[in-house]
Amino acid sequence: GLDALVANGSPQPVVVLPGEVTDVTIELPEPRSAIGEVIDAVTGDPIASARVQVMSAYDGRGLAEFGAEESSDAYGKFMVQGLSDSVGALRVRAEDYIEDFVVTRGGAAGEGELDLGLIALQPSRELVVQLDGPEGTVYGGFRVGLVGYEHLGVKDADHLGVVSFDDIPNGVIELNIYHPDQTITAFAGSLRPDDDGRILVP
């Protein structure tokens with residue numbers, strides 16, 4: 001059989017016999033609207049001019065942009081249209097914040113707009129890792145990777161043993177330090193809203 005992706009995001013088998021034509025009917029539900037409020041995850045303040053966009057979704061993941069971006073007002077409030085009755089996704093982003101994807105579940109058809117409540121965005125900040133070896137350490141060949149942020153890549157330390165990463169949220173940070181001799185050292189630290197974003201790794 002052939003798997004056809006229907007409107008509710010669930011694959012349904014379609015049986016096509018050799019030499020025959022099979023008709024497939026896809027029923028599209030009425031789109032839903034949703035409201036919510038975008039806030040700063042640290043301070044709780046509303047984020048004005050945050051951009052919210054409906055994404056086509058499959059298996060709980062946003063696949064592609066669907067429709068225009070909508071902006072939050074001065075109080076962080078927004079409304080979007082075009083969500084599925086079943087599972088959908090929203091991309092929420094704002095300047096100086098880390099973008100987030102919100103999975104929506106519409107519930108029963110005809111229930112009206114969805115209230116997504118508060119959507120908290122983490123402030124975007126720079127993480128600076130300072131390798132601090134014994135005096136005279138040559139940092140050429142040292143590399144640093146962030147556990148859970150593999151998409152940022154493993155970065156080479158400069159001649160001072162410094163590596164920087166952008167768009168890192170506050171919280172626990174786990175690092176892998178790759179030594180020139182192929183050994184790996186694990187290190188954990190934390191970023192707090194009131195610190196300077198620097199982690200010293202002995």
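These legends describe close-up views of a predicted model.

**View 1. Arg-51, Glu-69 and Arg-93 are linked in a salt-bridge network.**
Glu-69 bridges to Arg-51, with the closest N and O atoms 3.6 Å apart. This pair links distant parts of the chain. Glu-69 lies in the loop between strand S5 (61-65) and strand S6 (70-71), and Arg-51 lies in strand S4 (residues 51-58). The two residues are 18 residues apart. Glu-69 also forms a salt bridge with Arg-93, where the closest N and O atoms are 2.9 Å apart. Here too the pair links distant parts of the chain: Arg-93 is in strand S8, Glu-69 is in the S5 to S6 loop, and 24 residues separate them. Glu-69 counts as partly exposed because its relative accessibility is 30%. Arg-51 is partly exposed at 30%. Arg-93 is partly exposed at 23%.

**View 2. Arg-192 forms a salt bridge with Asp-194.**
The closest N and O atoms of this pair are 4.0 Å apart. Why does the pair count as a salt bridge? The rule asks for a side-chain nitrogen of Lys or Arg within 4 Å of a carboxyl oxygen of Asp or Glu. Arg-192 is partly exposed, with a relative accessible area of 47%. Asp-194 counts as exposed, at 68% relative accessibility. The model holds six salt bridges by this rule.

**View 3. Strands S8 and S9 pair in the antiparallel sense.**
Strand S8 covers residues 87-93, and strand S9 covers residues 100-105. Six bridges join them. One of the paired positions is Ala-89, whose bridge partner in S9 is Val-103. The hairpin of S8 and S9 has six residues between the strands. Arg-93, from the salt-bridge network, sits in strand S8.

**View 4. Asp-96 takes a positive phi in the hairpin of S8 and S9.**
Asp-96 is found in the loop between S8 and S9. Its phi is about 75°, although Asp-96 is not a glycine. Most residues other than glycine have a negative phi. Is Asp-96 buried or exposed? Asp-96 counts as exposed because its relative accessibility is 56%, and the cut-off for exposed is over 50%.

**View 5. Four strands form an open antiparallel sheet.**
The strand order is S13-S12-S15-S16. Which strands are at the edges? They are strand S13 (155-156) and strand S16 (184-191), and each pairs on one side only. Strand S12 (residues 143-146) pairs with strand S15 (residues 171-178) over four bridges, in the antiparallel sense. S12 and S13 also run antiparallel, joined by two bridges.

Leu-146 stands opposite Leu-175 in S15. S12 therefore has S15 as an antiparallel partner: the pair has four bridges, and pairing needs at least two.

**View 6. Val-147 lies in the loop between S12 and S13.**
Val-147 is partly exposed, with a relative accessible area of 35%.

**View 7. Glu-99, Glu-126, Asp-166 and Asp-167 gather in a surface patch of negative charge.**
Glu-126 is found in strand S11 (residues 125-131). Its relative accessible area is 42%, so Glu-126 is partly exposed. Asp-167 is found in strand S14 (residues 162-168). At 44% relative accessibility, Asp-167 counts as partly exposed.

**View 8. Asp-167 has a positive phi.**
The phi of Asp-167 is near 60°. Asp-167 is a residue other than glycine. Most such residues have a negative phi. Asp-167 also belongs to the negative patch with Glu-99, Glu-126 and Asp-166.

Methods:
Residues are numbered from 1 along each chain as its sequence is written. This is a predicted model: local features need pLDDT of at least 70, side-chain atom pairs count only at pLDDT 80 or more; totals for chains, interfaces and linings use all residues. Side-chain values use heavy atoms; hydrogens and water are left out. Patches are made of residues with over 30% relative accessible area and no salt bridge: like charges are joined within 9 Å, nonpolar side chains (Val, Leu, Ile, Met, Phe, Trp, Tyr) within 5 Å. Accessible areas come from the Shrake-Rupley method with a 1.4 Å probe; for residues, only the protein chains shown count as cover. Lys and Arg count as positive and Asp and Glu as negative; His and the chain ends are not counted. The place of a charge is taken as NZ of Lys, CZ of Arg, CG of Asp or CD of Glu. Buried means under 20% relative accessible area, exposed over 50%, partly exposed in between (1.4 Å probe, protein chains only).
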